[in-house]
Amino acid sequence: MSEHTRRQFLEVAAATAAVSLIAPAASGEPGRPPAPAAPATPRSPAVPRLLASSPAPVGPGAPFGSYQSEIYIAGMSAGTEPIFTTNLSDLEVAAHDVLSAGARRHLRAWAGGAAAERANARALHAWRIVPRMFIDRSERDLTTTVLGVEMPAPVLLGPVGRQALAHPDGEVATARAASGLGLTYVHSERASRSLEEVAAAAPDGPRWFGLDWPDERDVDPVLLTRAQAAGCTHLLLSPPQPGQGWAALRDIRGTWDGPIVLGGLQHVSDARRAVRHGLDGIVVSNERGRRRPGVGGTIDALPRIADAVGGKLAVLFGAGARTGTDVFRSLALGADAVLVGRPYVHGLALAGEDGVRHMLRTLLAELEITLSIAGVGHHRDLDASALVHA
């Protein structure tokens, strides 16, 4: 392909940037079950698939939005296609047939039915993005620093256990994909692959450790020591019940040599308590109602919590973000960064490490393109004025 033709492709791709990566799927309407998957269209063997393992931008100022142009050019010049959909709202439907019944039950486990998940989706989609006109959006930057960790984008891979149910490589594949993009991977205590295996597979990737706080107050110090020896720098705690004693945090602080982030917060008073008890960060989350039936859409709690404690500790969001536009909404409402979970596991199920990478690159491209639509060059400049509540 000539350089002139390549430039033409890039110009066309940029002009149609919002079409293939951020158009909502009809089947993904909040509060409704996914539509049945359409029958697969036979693929011509002469049409190769786009390898998600192709070089990806990493580091400060990485142009993640160029992934759409990469897909477009590959399709026009060589007839290649993405390994699976770029519509992240359809990922669960796409992964359904490749996941076992046990894996589907594990990923969709919640308390009180699917009410909490539906509430999360409805609440997120009620915040509509306000486009801006005639603003120079040529320079966009997703880089950030969260609790001392420099990140190419404000996105972390949240802790999901038993990933081998989705793919034999499990957490090893996920950590490799995250490391290749410079993103932080949070290793679940309930993982199917060990801390040491993941560390060996992705030695340079930033890693945190996600611990489900046991019902008893004692946390095994050996486990925390192992996590730090395996390169985990931050501890993300998920309490089993909201009412567990705050004083127990002192014992963990004495064992863990690094920042501690507390998950599962939804109330301003709890966020203020986290500040008083010396926590370094919090995750605003209802854990999709796994342990908390009857809770509402968590995004609505985020602005109040961010206003109360933002700047005093890191405020992360981890409740139902599936797309780049969901990440955008969360950042605009006060989150410093966003944890994604199930979407990358669906990518893992569909294509292993390449599937995780493709899903993440698609999400980051959506986020960067959405910033452009909103006329914003950096997510740190976002606030609630970029949204309107329906």
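1. Strand β6, residues 207-212, is mostly covered in this predicted model: six of its six residues are buried. In a regular strand, side chains alternate between the two faces of the sheet. For β6, both faces are covered. R207, F209 and L211 are buried on one side, and W208, G210 and D212 are buried on the other.

2. β6 pairs with strand β5, residues 184-188, in the parallel sense, over four bridges. Within this pairing, V186 stands opposite W208 of β6. W208 is one of the buried residues noted in point 1.

3. F134 is not a glycine, yet its phi is positive, near 55°. The residue sits in the loop that runs between β1 (127-129) and β2 (144-146). Its relative accessible area is 82%, and F134 therefore counts as exposed, the cut-off being over 50%.

4. R162 also has a positive phi, of about 55°, and is likewise not a glycine. Its place is in the loop between β4 (155-157) and α7 (170-181). R162 has a relative accessible area of 46%, so it is classed as partly exposed.

5. On the surface there is a patch of positive charge, in which R272, R273, R276 and K312 gather. Of these, R273 belongs to helix α11, which spans residues 268-276. R273 counts as partly exposed because its relative accessibility is 37%, a value to be read against the limits of 20% and 50%.

Key
Residues numbered from 1 in each chain as written. Predicted model: local features only at pLDDT ≥ 70, side-chain atom pairs only at ≥ 80, totals over all residues. Heavy atoms only, no water. Patch = residues over 30% accessible without salt bridge, like charges linked within 9 Å, V, L, I, M, F, W, Y side chains within 5 Å. Areas by Shrake-Rupley, 256 points an atom, 1.4 Å probe, with all protein chains shown as cover. Salt bridge = Lys/Arg side-chain N within 4 Å of Asp/Glu carboxyl O. Lys, Arg positive; Asp, Glu negative; His and termini not counted. Charge placed at Lys NZ, Arg CZ, Asp CG, Glu CD. Helix = DSSP H or I, 4+ residues; strand = E, 2+ residues; numbered from the N terminus. Buried < 20%, exposed > 50% of the residue type's maximum accessible area, 1.4 Å probe, protein only. Pairing = 2+ DSSP bridges.
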